[in-house]
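Subject: Structure for your files

Hello,

Please find the structure you asked for below. My notes on it come after.

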Amino acid sequence: MPALSFGSHAGLAQDTSVAESFESVFAAIYGRQLELSEETMMSRIRGILLAAEYLGSVHVISRQIDSLLLESGQELYQSIAADPVQWGKIGYRLRSRSEE
């Protein structure tokens, strides 16, 4: 397993706690539901996605993240409008990794 360096995963260190991100991925692996708040939605998803990519388990979290985003409604659209490029990157990474 490669070392998790913040040089290549700088967003993980900046966006959210590494431990919280890994805890969320492990919880999803064991069937617990992910939880997000609107205030930290993008940063939490980015952190969870980076941790899942590191563990090779994006397929485990992708459906749960999809569901959470659909449930968030208007907050999601406002967040996408505020930073469409980052949301595009998140969507690409979720889809490309989960379909492998």
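This is a predicted model: local features need pLDDT of at least 70, side-chain atom pairs count only at pLDDT 80 or more; totals for chains, interfaces and linings use all residues.

Residues are numbered from 1 along each chain as its sequence is written, and side-chain values use heavy atoms, with hydrogens and water left out.

The protein chain has six helices and zero strands (DSSP runs, H or I of at least four residues for helices, E of at least two for strands, numbered from the N terminus). Of its 100 residues, 38% are buried, meaning under 20% relative accessible area with a 1.4 Å probe, protein chains only.

Helix α2 covers residues 18–29. Its 12 residues reach 17 Å from first C-alpha to last, close to the 16 Å expected at 1.5 Å a residue (1.5 Å times one less than the number of residues). Buried in α2 are Ser21, Phe22, Ser24, Val25, Ala27 and Ala28. Glycine 31 follows α2, with a positive phi near 90 degrees.

α2 packs on helix α3 (residues 41–55) at about 65 degrees, with the axes 8 Å apart (lines fitted to C-alpha atoms over the stretch in contact, angles from 0 to 180 degrees between N-to-C directions). That makes α2 roughly perpendicular to α3, the term for 65 to 115 degrees. Residues in this contact (heavy atoms within 4.5 Å) include Phe22 and Val25 of α2 and Ile48 and Leu55 of α3.

Regards

Key. Buried means under 20% relative accessible area, exposed over 50%, partly exposed in between (1.4 Å probe, protein chains only). Angles under 35 degrees count as roughly parallel, over 145 as roughly antiparallel, 65 to 115 as roughly perpendicular and the rest as oblique.
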